[in-house]
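Open the model in your viewer and keep the selection tool ready. The tour goes from one selection to the next and says what is there.

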Amino acid sequence: VQYGGFGAQMGSFEPQNRHIVSQSWSKSYRVFQESVHHPDNLYCGLETADGHYYYKTMNELFNWIEEKTRLKVVIAAHPRSNYSKQDKCFGGRSIIYGKTLELVRNCKFVLAHNSTSINFAVIFKKPTIFLQIKGVSNTSVKCLSSHLGSTILDLNGDTWKEYDIKKSLRINEDQYENYLYTFIKSKNLEDKRIWDIVEPYLIKKLENMSHQKLLVGLGRNFS
């Protein structure tokens, strides 16, 4: 679970790749940001959800949401996850790699556990519902939902089926803005792309280093 991306300061968010996965899907679906079954969990020795229980429960949730909202669920897969041998594990729903930004930008709302790609939902002001399930860190889910003022659905039982999902389709503007300027973008930075901010800083640093080396060299020549 990648959760430690907090504190990275950025300028404006202006993706160069404007390709939309499908124009016909625009704002007619919701995105699930998958972040559970990928190699990082094994490498870090983190608890992971039982596969059978996880997929069974998630598909029950997706079926319920699709019935309630009449919108398709699209899976934004973690870039290091591999579903090549189990591409039907989400009930035949589309599993898409490398398009999380575009999918979030054009969706109705986001479902997630604790992915750092929650930043996209904040930037594009998308309602986010956090999902709590056995094998996923409750601490990080609760932390993210608290920061954004978003709903948590506890999938460990059947009470979530009684929830009125329409209550979650609004965002807390103040908390989203606070998250944006605390963890994603600094208010003190100009409205520029991150590289346009970093490049002049690095060039100045290199010029200063070269100047200092020149002074040291001159000092040796005159000593």
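Contact here means heavy atoms within 4.5 Å.

Two packed helices are described by the angle between their axes and the distance between the axes. Show α5 as residues 138-148 and α6 as residues 173-184: their axes come within 7 Å and cross at roughly 115°. That makes α5 roughly perpendicular to α6. Axes are lines fitted to C-alpha atoms, for helices over the stretch in contact, and angles run from 0 to 180 degrees between N-to-C directions. Angles under 35 degrees count as roughly parallel, over 145 as roughly antiparallel, 65 to 115 as roughly perpendicular and the rest as oblique.

Before going on, note what kind of model this is. It is predicted: local features need pLDDT of at least 70, side-chain atom pairs count only at pLDDT 80 or more, and totals for chains, interfaces and linings use all residues. Residues are numbered from 1 along each chain as its sequence is written, and side-chain values use heavy atoms, with hydrogens and water left out.

Not counting residues up to four places away in sequence, Asn119 touches Tyr179 and Ile184. Is Asn119 buried or exposed? Its relative accessibility is 19%, so Asn119 counts as buried. Buried means under 20% relative accessible area, exposed over 50%, and partly exposed in between (1.4 Å probe, protein chains only).

Next, go to Asn59 in helix α2. This residue is buried too, at 13% relative accessibility. Which residues does Asn59 touch, not counting residues up to four places away in sequence? They are Cys89, Phe90, Gly91 and Arg93. Draw a C-alpha to C-alpha distance from Asn59 to Gly91: the two are 6.4 Å apart in space and 32 residues apart in sequence.

Now turn to two loops. Most residues other than glycine have a negative phi, and most peptide bonds are trans. Select Arg70, in the loop between α2 (51-69) and β2 (72-76). Arg70 is not a glycine, yet has a positive phi of about 60°. Arg70 is exposed, with a relative accessible area of 71%. Then select Lys125, in the loop between α4 and β5 (128-132). Lys125 has a positive phi of about 55° and is not a glycine either.

Cys107 is buried, at 1% relative accessible area, whereas Cys143 is partly exposed at 26%. The structure holds zero disulfides, a disulfide being a pair of cysteine sulfur atoms within 2.5 Å.

Finally, show the whole protein as a cartoon. How many helices and strands are there? There are seven helices and six strands; helices (H or I, at least four residues) and strands (E, at least two) are DSSP runs, numbered from the N terminus. Along the sequence they follow the pattern β-α-α-β-β-α-β-α-β-α-β-α-α. Of the 223 residues, 40% are buried.
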